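User: I would like the labels used for this model set against their cut-offs. Please take them one at a time.

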Amino acid sequence: MRFSTYAKVGRVPLIQAVGVQKRKGEMSYTQTRELDPAKSGCFRCDNYRTIEFLQYMPPEIQEEATRRCAGCPHAVYRTVTREVCRHSDEHFGNAPRLKAISLKLLMIYHFAEPDERGFVIGISKKELAEILGCTVRSIGNANYALEKYGYIRYCQEGDSRDCFHVLLNGYKNYGLSMKEGGQGYVTFNREFLQEMLKIKDLNQLRIFLRVALEMDTNCDRQKPLVTTIDYNSLRKFLPDYCKPGIIRKALSALSRLFQVVCKEKTVSLKMNPTYHGRRNYESQIKKCAAQMREYVSELNETMSRINKTHQAKKMINVEDQSRLIRAGIYPQARHRTPSGEWIYFTFCLEEKDFDDLGVLCAVYDIEKVKKCLGYIYEHYLSKRRVENVGELARGLLEQQSRNEAVDFLFANA
C-alpha cells in the first residue's frame with residue numbers, strides 16, 4: 001500500500017476519535033400513578049411509621065398495615081412521568097470506544113492519497129491486516145465502528161471480498177475558511193504515521209495523537225516542541241479508569257515520537273522535530289519550490305541556446321536536445337515564427353506557480369511533478385497560454401492517481 005508523504009486530518013474528527021465515545025440510546029417516557037404522601041396526610045397517620053419500617057415487622061403486622069393503606073379513604077394519587085434511556089449496547093457493560101485498530105485505520109486512510117472529496121479507491125483488507133498485524137475480520141469490525149460513529153463510509157468493490165472503497169466524511173471541507181464552514185486540519189508526515197503504527201498501548205496512542213494535534217500550530221523552528229499537561233487535563237479525553245498511575249504506565253513504553261517525563265502532578269512531552277508534520281511540510285515546500293525554480297531556469301536556458309543555434313543555422317547541441325527530451329519536451333513542440341524559423345517558447349511561470357509546484361512536490365514526488373510539467377509544456381504551453389500551471393498540474397496528478405487505482409482494481413479482480 002502506498003502512503004503519501006504528508007496528509008491532512010480534520011481537527012474536529014481527530015479530537016472526537018481520540019476522546020471517549022458516548023453511548024447512543026433511545027429515549028422513552030413512562031407514566032405511573034403514585035401516592036402523594038403530603039396531600040394524603042400520610043405523615044399524620046399512626047400507620048405511617050409502621051409502613052416506613054414494614055420489612056422489619058412480623059408478617060401479620062405487615063399484612064394489616066398494607067391492608068389499611070390500600071383502603072385509605074384519604075389517599076390522593078398523582079401522575080409521575082419518568083425519562084428512560086435504553087442503550088443499544090447495554091449488554092456490553094461499558095460504553096463503546098474506538099479501539100487502536102480503528103484509530104490507526106482512520107490515520108491510514110488519510111495517507112492513502114484521497115482525492116479532493118476524500119474518496120480512496122481500491123484498499124485491500126489483507127494488506128491492511130498485514131500492516132496492522134491483525135486479522136481481516138478485525139479490519140472489517142474497525143471499519144464498521146468508524147462508519148457507525150460517522151468518520152467514514154465504505155463499500156465493497158463489486159464482488160471482491162478483499163478490496164473496498166472509503167469516503168472520509170467532511171474531507172472536502174478541511175481546507176475551507178471559518179466563514180465557509182471549515183474547522184481546520186492537522187498536518188502529519190509519513191514518518192509520524194510509521195512510528196504511530198508501532199504503538200501498542202491504546203491510551204498512549206490517544207495521548208500522543210492529542211498532543212501532536214495541539215503542537216501542530218507550533219511552526220517556529222526556534223521554539224521547542226514541548227508541552228506540560230496535568231493529569232486532570234489528560235483524563236478529560238481518557239476512560240474513567242485512567243488514574244495517574246495508569247497514565248504513567250501507558251506512557252512508559254518507549255517511542256521515537258515523544259520524550260516523556262512523568263512527575264507527581266504533571267506530564268512533560270517533548271516531540272522529536274522529525275515527526276512534526278507541519279514544520280517539515282512547510283520546509284519541504286520551500287525547498288521543492290526552489291528546486292523547481294532552478295529546474296525550469298535550466299530548461300529555459302537550454303531552449304534559448306537551441307533557439308539561438310537554430311537561428312544561426314548551426315548544428316544543435318545533442319546534449320541540449322537530450323535534456324529537453326528527458327524533460328518531456330520534444331522537437332515537435334517548437335513553433336514557426338513569422339520569418340519561418342522554428343523556436344521553443346520558454347516557460348513564463350510566476351512566483352505563485354512555483355509555490356504551487358512546491359506544494360505538489362511535497363505531496364506527490366518531485367520527479368512526478370517534473371514529468372507532469374513536461375507533459376503540460378508539450379500539450380498546453382506549446383499551443384496556448386495557461387493561466388494557472390499549478391492548478392492544472394494538480395488536476396493531472398490527481399487524475400493519474402485515480403487511473404493507477406483503477407488499474408490496481410482490474411489487476412486484482
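User: What makes H9 largely enclosed by the rest of the structure?

Analyst: Eleven of its 14 residues are buried, so H9 is largely enclosed by the rest of the structure. Buried means under 20% relative accessible area, exposed over 50%, and partly exposed in between, with a 1.4 Å probe and protein chains only. Among the buried residues of H9 are Asn203, Leu205, Phe208, Val211 and Met215. The model is predicted: local features need pLDDT of at least 70 and side-chain atom pairs pLDDT 80 or more, while totals for chains, interfaces and linings use all residues. Residues are numbered from 1 along each chain as its sequence is written, and side-chain values use heavy atoms, with hydrogens and water left out.

User: How do you know that the length of H9 agrees with its number of residues?

Analyst: The expected span of a helix is 1.5 Å times one less than its number of residues. For the 14 residues of H9 (residues 202-215) that gives 20 Å, and the end C-alpha atoms are 20 Å apart, which agrees. Helices (H or I, at least four residues) and strands (E, at least two) are DSSP runs, numbered from the N terminus.

User: What caps the N-terminal end of H9?

Analyst: Aspartate 201 does, through a side-chain oxygen 2.9 Å from the backbone nitrogen of asparagine 203. A polar contact is a pair of N or O atoms within 3.5 Å; within protein, one must be able to donate a hydrogen and the other to accept it, and residues adjacent in sequence count only if both atoms are side-chain atoms.

User: Which residues line the largest cavity, and which strand gives the most to the lining?

Analyst: The lining consists of Val186, Thr187, Phe188, Ala212, Asp216, Met271, Tyr275, His276 and Gly277. Strand S7 (residues 185-189) gives the most, with three residues. A cavity is a set of points, on a 1 Å grid over the protein atoms alone, where a 1.4 Å probe fits but cannot get out; lining residues have an atom within 4 Å of a point.

Terms used
On a 1 Å grid over the protein atoms alone, a cavity is a set of points where a 1.4 Å probe fits but cannot get out, and a pocket is an open set with protein on both sides within 12 Å along at least five of seven lines; lining residues have an atom within 4 Å of a point.
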